[in-house]
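This report describes one protein chain. Look through the sequence and the 3D view before reading on.

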Amino acid sequence: MSSAEQTPVSSGTERTPVGDAERAHRPTRLTAAAAVAGVEALGLVAGGVYMLVKALTGSPGDLTGALTGAVTLVVLGLIPLAAARGLWLCRSWSRGPAVITQILALPVAWQMLQANSAMIPAGAVLGVLAVTGLVLLVNPATTEALDIRRPGQNTP
């Protein structure tokens, strides 16, 4: 057999790109986690755009501070957006940013719940989203679909 006819032997460590057939087997929990991250991303971006419009059309006391806050919210919205896309595509790297987003959302939700204003319902929604997102992201079906192994766990 010539070298051109030989088939390469796989070491079993290569990760093949996720195809449409594999995405069809995406667990519902992983799809839901991607949706939660996407909703949070949209909320951050919408909040940033609202602050930006308010700063440019109103008369804020500190225009620089208002613009900085608005741009910060929009940029922070890109993190859960990227995580949502990665979760949707079954990329293992995406769980880290998604978990961090959920953890950071919890104290924000708590502060919103402490306000005596219309922020209370928004804080409740954010808290429910954050807890739901965390539960979905640490679920065994999610970690298996993302091919995440526990320390010391042998690869198949």
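## Overall fold

The model is predicted. Its protein chain contains 6 helices and 0 strands, so that the order along the sequence reads α-α-α-α-α-α.

Of the 156 residues in the protein chain, 28% are buried. The protein chain exposes about 10200 Å², and carbon and sulfur atoms supply 66% of that area. Among contacts in the protein chain with a separation of 6 or more, 67% are between residues 24 or more positions apart.

## Trp93

Trp93 sits in the loop that runs between helix H3 (63–88) and helix H4 (95–114). Setting aside neighbours within four places in sequence, Trp93 is in contact with Ala82 and Gly86.

Ile148 is 55 residues from Trp93 in sequence. In space, the C-alpha atoms of Trp93 and Ile148 are 9.1 Å apart.

## The largest pocket

The volume of the largest pocket is about 590 Å³. It is lined by 20 residues, and those closest to its centre are Glu40, Leu44, Leu73, Val108 and Leu126. Helix H2 (28–57), H3, H4 and helix H5 (119–137) are the elements that each give two or more residues to this lining.

Which element gives the most to the lining of the largest pocket? H4 does, with 7 residues. By residue type, the lining of the largest pocket has 16 nonpolar residues, 3 polar and 1 charged.

Key. Residues numbered from 1 in each chain as written. Predicted model: local features only at pLDDT ≥ 70, side-chain atom pairs only at ≥ 80, totals over all residues. Heavy atoms only, no water. Helix = DSSP H or I, 4+ residues; strand = E, 2+ residues; numbered from the N terminus. Buried < 20%, exposed > 50% of the residue type's maximum accessible area, 1.4 Å probe, protein only. Contact = heavy atoms within 4.5 Å. Areas by Shrake-Rupley, 256 points an atom, 1.4 Å probe, with all protein chains shown as cover. 1 Å grid on protein atoms, 1.4 Å probe; cavity = no way out; pocket = protein on both sides within 12 Å on 5 of 7 lines; lining within 4 Å. Points joined across faces, edges and corners; volume = space filled by probe spheres on them. Nonpolar A, V, L, I, M, F, W, Y, C, P; charged D, E, K, R; others polar.
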